[in-house]
Amino acid sequence: MAEWRFYGRRLELQQLVDIFARNRWFFVKITGRRRIGKTTLVRNALTTCSSRRIYYVPIPDSGDAGVLSSVSDALDTFQVPEDRFPRPRTLADLAKLIEALARDGYVVVLDEFQYFNRKAFSQFCSLLQAAIDRLAADAEHVPGGLVGHPPGPVSRQRPFSPHTFAA
Ligand SMILES: Nc1ncnc2c1ncn2[C@@H]1O[C@H](COP(=O)(O)OP(=O)(O)OP(=O)(O)O)[C@@H](O)[C@H]1O
Ligand SMILES: [Mg+2]
């Protein structure tokens, strides 16, 4: 098999690395068609930022229980301490957890965020939106940040962040 290489994304990679290194609130949207390299780009940037605490979770195409189970598995994988960050039992807990992680300095990556854009998750998306608004309002004092799509269809997104990477 040919050796795998990471082609043609140096600029995007550097931009992401710079944002992750800042210790200030950020909200980065990674957009692009399927299989274009969004996940690979983020994972490469995370690997480069070895000093940051990271929480990365691929959101599964499932209901509440499946999402919460994946979220908890990923919390264990990334050794997020359970005493300080109890595993969420509801989607409302999850929105609170994401805010708490960002306030504590974590780089939070919600990959495959599009699975939250379903009716069953609309209340969760509102809660997450409110959390994002609070974090943005307090940006100077929030050392962590979030990577993912904002809730809601792309066409109705509000411009939260200047950092949109269209891969
Ligand atoms: N810069 C790159 N150079 C070479 N190969 C790459 C690059 N980026 C991604 N790939 C390869 O392309 C494939 C798709 O990448 P990836 O899974 O990151 O895409 P994606 O946009 O996250 O896809 P999806 O929309 O399904 O989530 C993978 O096999 C990956 O190894
Ligand atoms: Mg992906």
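**Figure 1. Contacts and elements across the whole chain.** Of the contacts in the chain between residues at least 6 apart in sequence, 74% join residues at least 24 apart. The model is predicted. Its secondary structure comes to five helices and five strands. Read from the N terminus, the elements follow the order α-β-α-β-α-α-β-α-β-β. The chain has 167 residues, and buried residues make up 28% of them.

**Figure 2. The surroundings of ligand 1.** Ligand 1 is surrounded by 13 residues. The closest are Tyr7, Gly37, Lys38, Thr39 and Thr40. Sorted by class, this shell has five charged, five polar and three nonpolar residues.

Figure 3. Thr40 lies in helix α2, which covers residues 38-48. Is Thr40 buried, exposed or partly exposed? Thr40 has 15 C-beta neighbours inside 10 Å and therefore counts as partly exposed, since a buried residue needs 20 or more and an exposed one has 12 or fewer. Arg9 is 31 residues away from Thr40 in sequence, and their C-alpha atoms are 10.0 Å apart in space.

**Figure 4. The packing of helix α1 against helix α2.** Two packed helices are described by the distance between their axes and the angle between them. Helix α1 spans residues 10-20, and its axis comes within 9 Å of the axis of α2, with a crossing angle of roughly 50°. The two helices are therefore oblique to each other. The crossing of α1 past α2 is right-handed. On the α1 side, the residues in contact are Glu12, Leu13, Leu16, Val17 and Phe20. They meet Leu41, Val42, Asn44, Ala45 and Thr48 of α2. By class, this contact has seven nonpolar, two polar and one charged residues.

**Figure 5. The packing of helix α4 against helix α5.** Helix α4 (residues 91-104) and helix α5 (residues 122-137) have axes that come within 9 Å and cross at roughly 20°. Because angles under 35 degrees count as roughly parallel, α4 is roughly parallel to α5. Their crossing is right-handed. From α4, the contact takes in Leu91, Ala92, Leu94, Ala95, Ile98, Glu99 and Ala102. From α5, the residues that meet them are Phe124, Leu127, Leu128, Ala131, Arg134 and Leu135. By class, the contact of α4 with α5 has eleven nonpolar and two charged residues, and no polar ones.

Note on methods: Residues are numbered from 1 along each chain as its sequence is written. Chains are lettered from A and ligands numbered from 1 in the order in which they are written. This is a predicted model: local features need pLDDT of at least 70, side-chain atom pairs count only at pLDDT 80 or more; totals for chains, interfaces and linings use all residues. A residue is near a molecule or strand if its C-beta atom, placed from the backbone, lies within 6 Å of it. Ala, Val, Leu, Ile, Met, Phe, Trp, Tyr, Cys and Pro count as nonpolar, Asp, Glu, Lys and Arg as charged, and the others, Gly among them, as polar. Helices (H or I, at least four residues) and strands (E, at least two) are DSSP runs, numbered from the N terminus. Two residues are in contact if their C-beta atoms, placed from the backbone, lie within 7 Å. Axes are lines fitted to C-alpha atoms, for helices over the stretch in contact, and angles run from 0 to 180 degrees between N-to-C directions. Angles under 35 degrees count as roughly parallel, over 145 as roughly antiparallel, 65 to 115 as roughly perpendicular and the rest as oblique. A crossing is left-handed if the near helix is turned anticlockwise from the far one by less than a right angle, and right-handed if clockwise.
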